[in-house]
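I opened this notebook to record what I looked up in one protein structure. The entries follow the order in which I worked.

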Amino acid sequence: MKKLGLNRQFRPEAYKMNDGLGKKVITDYLIRNGHTILNTTENYSFDIESEKDNQTYFSEVEMKNQWRGDWNTSWKEIRIPYRKHKLLDRHKKMTTYKNILLNFFVIRGDCKYAWKIKDSQLTDERAKDVWLVNAKRTEPFYHIPYQEAELIKLV
């Protein structure tokens, strides 16, 4: 894959504000859909580990606070930070021994809806740099056409 721009600097205050809320919303959704939650402890790996029908699932959550109301269809794609490739790599190694499913959830700011994206949709071909106007630099993201994601109702 071509060399992509730098990842953004970690912002603890933004992380603290969004991570707990995102985990709670998706954990509640998973429980309502028959999952048993196995782990949500912060370990700088997958956000949520769950099980349903003897199948292990990992879930990664991202808040998209600028998404309000219906999806703006001028946003042709859902962008997931490229730094998540570390989770994809870890997941790939784990599936050598056991079939484990990995899903990414991009949550609307009011936590009523989310896009659900399968790990297989995050490919090197879909990784591209994006110019961040406010930060005045590029950051790499996976670009997933929104028509290829599953819109789920959370509440």
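**Entry 1. Overall fold**

I note at the outset that this is a predicted model. I counted the secondary structure and found two helices and nine strands in the protein chain. Along the sequence I read the pattern α-β-β-β-β-α-β-β-β-β-β. I then looked up burial, and buried residues account for 40% of the 155 residues.

**Entry 2. Strand S3 and its partners**

I turned to strand S3, which spans residues 55-64. Nine of its 10 residues are buried, so I recorded S3 as largely enclosed by the rest of the structure. Which strands pair with S3? I found strand S2 (residues 48-52), joined to S3 by five bridges in an antiparallel arrangement, and S5, joined to S3 by nine bridges in a parallel one.

On the S5 side, I found Phe58 opposite Leu102 and Ser59 opposite Asn103.

I followed the pairing on to S5, residues 100-108. Is S5 enclosed or open to the outside? Eight of its nine residues are buried, so S5 too is largely enclosed by the rest of the structure. Besides its parallel pairing with S3, I found S5 joined by five bridges to strand S6 (residues 113-118), and these two run antiparallel. I picked out Phe105, whose bridge partner in S6 is Lys116. S5 and S6 form a hairpin with four residues between them. In that turn I noted Cys111, which has a positive phi of about 65°.

**Entry 3. The three-stranded sheet**

I next examined an open sheet of three strands, in the order S4-S8-S7, with antiparallel pairing. Strand S4 (77-81) and strand S7 (127-132) stand at its edges, and each has a single partner strand, so one side of each lacks a neighbour in the sheet. I recorded an average twist of 50° from one strand to the next. Between S4 and S8 I counted five bridges, with the strands antiparallel. Within this pairing, Arg79 has His143 of S8 as its bridge partner.

**Entry 4. Helix H2**

I looked at which residues of helix H2 (residues 85-94) face inwards, and recorded Leu87, Leu88 and His91 as buried. These three cover an arc of only 100° around the axis, which puts them on the same side of H2. On the other side of the helix I found Lys86, Lys92 and Lys93 exposed. What do the buried residues of H2 pack against? I listed strand S3 (55-64), strand S5 (100-108) and strand S8 (137-145).

**Entry 5. Salt bridges**

I counted 10 salt bridges. One of them is formed by Glu62 and Lys84, with the closest N and O atoms 2.9 Å apart. This pair links distant parts of the chain, since Glu62 lies in strand S3 and Lys84 in the loop between S4 and H2, 22 residues apart. I checked both residues for burial, and both Glu62 and Lys84 are buried.

I then looked up Glu77 and Arg79, whose side chains meet in a salt bridge (3.1 Å, N to O). Glu77 has a relative accessible area of 25% and is partly exposed. Arg79 also counts as partly exposed, at 41%.

Another salt bridge joins the side chains of Arg137 and Glu139 (3.7 Å, N to O). Arg137 counts as partly exposed at 27% relative accessibility, whereas Glu139 is buried at 2%. Finally, I noted one network in which salt bridges with shared partners join Asp19, Lys23 and Glu42.

Methods:
Residues are numbered from 1 along each chain as its sequence is written. This is a predicted model: local features need pLDDT of at least 70, side-chain atom pairs count only at pLDDT 80 or more; totals for chains, interfaces and linings use all residues. Side-chain values use heavy atoms; hydrogens and water are left out. Buried means under 20% relative accessible area, exposed over 50%, partly exposed in between (1.4 Å probe, protein chains only). The arc is that of the directions from the helix axis to the C-beta atoms. Contact means heavy atoms within 4.5 Å. Two strands pair if DSSP finds at least two bridges between them. Axes are lines fitted to C-alpha atoms, for helices over the stretch in contact, and angles run from 0 to 180 degrees between N-to-C directions. A salt bridge is a side-chain nitrogen of Lys or Arg within 4 Å of a carboxyl oxygen of Asp or Glu.
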